[in-house]
Amino acid sequence: MHRGPPYSGRTEAERIRLEESRGSIRDALGGLRNLEQLLGSLRVGPRALTAVLPDVQRSCPGFRTGLLDLFGLLVTHCPVVEPALRAFEFTALPQLVELERELGLAASRPLNAKARLRLDAQLNRAIGELEPIVDVTDWLSATAFSLPVELSVRPALLESLRASEPEGLQAAATAIVVLEPLPELELSLQPRFLAGFVAFAARALADQHPTRIIEVCASEISAGHARLTVSASTTPRQGMRRWVPGKGAPPAWLDCLRAGASLTGAELEVSPDLDRIELGL
């Protein structure tokens, strides 16, 4: 059973634009992360830092253009994403303009200890705001522009969580507990949808209820239909402990989850206390 808007509505030209936009965004964000590492290394002196600043500064306009192009493609095919994307624009675009200005200033004067600390603080703030926007937008675009395939809920969920689990540094991840049994039900879904949905829902609930345990479970509710539940529980239960990348609620997280559900033809329900998110598949 096909879910979501007709995939045939995505033209080859749009898919090429999508990949070009995603590529420019990934490259620019990678450059910011590399600069962050260089600034944090005592082995890297001012001269080496000054040499890379112009390239990083020049990537900022491409970052902005890539985001706007990606936002435009998404809104065209899924108008429900517009509230989330407008919130992203309000955050990301001024942040990139300010970062470009700071990089230009840093490149035009001696990079002493004070200037280095100032740039490092600005860069950390920019990456902290831009990275979750890129992650969510990438998930939405992959969901919107990927062909749905037949997936068995249990292996698909466990494998997607395993593949996206961060290595090492769990301080930058959110813990979840996956409860068995999980149904073997076959559904037609975009491959990256499940892991992204669970990750963003878990991060949002952990942010709302930091002392609770984030649980993930799924059940078959009727022939050909399942319910995926992410909840913040006060009572520990036995299950598989996993980690999803990122901490803290993604920006405009509820609008993003609604958009993802809409793209797959699923039904989203959120409890009034924001402690339970259910997805009817």
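Guide: The remarks that follow concern a predicted model.

Visitor: Which residues touch the most other members of the largest nonpolar core?
Guide: They are Leu32, Phe63, Ile176, Phe197, Leu228 and Leu281, in a core of 83 residues. Helix H4 (residues 113-145) gives the largest share of this core, 13 residues.

Visitor: And what is phenylalanine 63 in contact with, leaving aside its neighbours within four places in sequence?
Guide: Its partners are Ile25, Ala28, Leu29, Leu32, Leu96, Leu130 and Val134.

Visitor: On to pockets. How much space lies in the largest one?
Guide: The largest pocket holds about 1,000 Å³. Its lining has 36 residues, and those nearest the centre are Arg33, Glu131, Asp135, Pro245 and Gly246.

Visitor: Which helix supplies the largest share of that lining?
Guide: H4 does, with 10 residues. Helices H1 (12-40), H5 (153-164) and H6 (193-208) are among those that each supply at least two residues.

Visitor: Is cysteine 60 buried or exposed?
Guide: Cysteine 60 counts as buried because its relative accessibility is 1%, and buried means under 20%. Cysteine 217, at 24%, counts as partly exposed.

Visitor: Lastly, how do strands S7 and S8 pair?
Guide: S7 (residues 267-270) and S8 (residues 276-280) pair in the antiparallel sense, over 4 bridges. Within that pairing, glutamate 269 has glutamate 278 of S8 as its bridge partner.

Visitor: What lies between the two strands?
Guide: There are 5 residues between them in this hairpin, and leucine 274 in the turn has a positive phi of about 55 degrees.

How values were computed
Residues numbered from 1 in each chain as written. Predicted model: local features only at pLDDT ≥ 70, side-chain atom pairs only at ≥ 80, totals over all residues. Heavy atoms only, no water. Core = buried A, V, L, I, M, F, W, Y, C linked by side-chain atoms within 4.5 Å. Buried < 20%, exposed > 50% of the residue type's maximum accessible area, 1.4 Å probe, protein only. Contact = heavy atoms within 4.5 Å. Pairing = 2+ DSSP bridges. 1 Å grid on protein atoms, 1.4 Å probe; cavity = no way out; pocket = protein on both sides within 12 Å on 5 of 7 lines; lining within 4 Å. Points joined across faces, edges and corners; volume = space filled by probe spheres on them.
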